[in-house]
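Good morning, everyone, and thank you for making time for this. I would like to walk slowly through one protein chain with you, so please keep the picture in view while I talk.

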Amino acid sequence: MNGPAVRAPLLPPTEKPRVLVEHPDFYVIHKPALWLTHPVRARVDVPDVLGFMRAETGEPDLAPPHRLDRETSGTQLLSRDADAARRFFTLFKEHLVGKTYQTIVHGTPEWERTTLDAPLGDLGLGGANRIVIRQAVVPGGKPAMTDFRVMERRGGFTLLEAYPRSGRLHQIRAHLAHLGLPMVGDKIYGRDPQAFLDFMEQGQTPELTGRLLLPRQALHAARIAFPWGGTQFAAEAPLAPDLRAFWEGL
């Protein structure tokens with residue numbers, strides 16, 4: 001009698017979070033790809049930045065005022081006390097936190113800079129879509145605007161800078177798909193409509209990584225900026241090593 005199918009484990013991260021800036025009120029951390037921002041109950045154990053940093057610093061009040069997806073690398077804030085957490089809540093609510101991303105996409109746009117102002121909402125199940133959470137440019141969606149700038153082109157791929165002016169679910173990824181520039185490694189909005197379903201069923205297999213070219217989406221939170229203590233604060237994280245290696249290997 002056969003037992004239940006066993007999913008391939010999630011790939012273990014190859015690096016640990018590191019502190020980019022230690023401020024009396026907060027930390028800016030480099031979150032490696034394949035780490036969660038905070039712990040969640042899941043079928044498999046995945047390391048999380050919040051738990052790691054609480055253990056490293058002995059500071060139980062650390063809290064993330066925003067989060068990055070598991071597959072996204074880059075700048076992640078952690079407030080150090082309740083007062084800082086409240087201040088960040090207000091900054092995010094008032095859209096005073098600017099986040100700049102870098103991403104590698106399939107294709108080469110004719111423009112050097114563009115702004116996509118296109119509403120996003122649930123695509124809905126049916127037709128070619130079998131993924132509940134997939135977002136798309138839809139009539140009556142929530143307003144969404146993203147600025148894009150070409151950083152470099154290489155071998156049919158483009159390294160882009162993306163600056164979302166709104167904070168919709170999967171905004172950069174859905175907007176890139178709408179522009180016909182799917183993100184490398186993206187299981188939901190990439191070129192392979194079966195990738196996410198295969199991942200949910202079998203995990204990150206070598207075959208799936210081969211199809212996607214990367215074991216994770218090529219999205220990196222490169223810079224975060226916000227007003228703090230009467231001045232404008234900013235912190236940057238250089239492009240993650242795996243994305244840099246992929247780009248330089250093209």
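Let me begin with a question: what covers the buried residues of α4? Before I answer, please keep in mind that this is a predicted model. The cover for the buried residues of α4 includes α5, which spans residues 206-212.

Helix α4 itself runs over residues 195-202, and its buried residues are Ala 195, Phe 196, Asp 198 and Phe 199. If you look down the axis of α4, these buried residues fall within an arc of 160 degrees, so they line one face of the helix. There is a general point behind this, which is that an α-helix has 3.6 residues a turn, so residues three or four places apart point the same way. After α4 comes Gly 203, and the phi of Gly 203 is positive, near 80 degrees.

Let us now turn to another helix, α6, which covers residues 241-248 and whose buried residues are Leu 243, Phe 246 and Trp 247. Around the axis they cover an arc of only 95 degrees, which puts them on the same side of α6. On the other side of α6 we find Pro 241 and Glu 248, and these two are exposed.

Is Gly 121 buried or exposed? Its relative accessible area is 13%, and because the cut-off for buried is under 20%, Gly 121 counts as buried. If we leave aside its neighbours within four places in sequence, Gly 121 is in contact with Arg 134, Gln 135, Ala 136, Val 138 and Gly 141. Gly 121 and Lys 142, meanwhile, are 21 residues apart in sequence, yet their C-alpha atoms are 6.3 Å apart in space.

Finally, let me step back to the whole chain, which has six helices and 11 strands. Of the 250 residues in the protein chain, 48% are buried. The accessible surface of the protein chain comes to about 12,700 Å², and carbon and sulfur atoms account for 54% of that surface. Among the contacts in the chain with a separation of 6 or more, 65% are between residues 24 or more positions apart.

Note on methods. Residues are numbered from 1 along each chain as its sequence is written. This is a predicted model: local features need pLDDT of at least 70, side-chain atom pairs count only at pLDDT 80 or more; totals for chains, interfaces and linings use all residues. Side-chain values use heavy atoms; hydrogens and water are left out. Helices (H or I, at least four residues) and strands (E, at least two) are DSSP runs, numbered from the N terminus. Buried means under 20% relative accessible area, exposed over 50%, partly exposed in between (1.4 Å probe, protein chains only). Contact means heavy atoms within 4.5 Å. Accessible areas come from the Shrake-Rupley method with a 1.4 Å probe; for residues, only the protein chains shown count as cover. The arc is that of the directions from the helix axis to the C-beta atoms.
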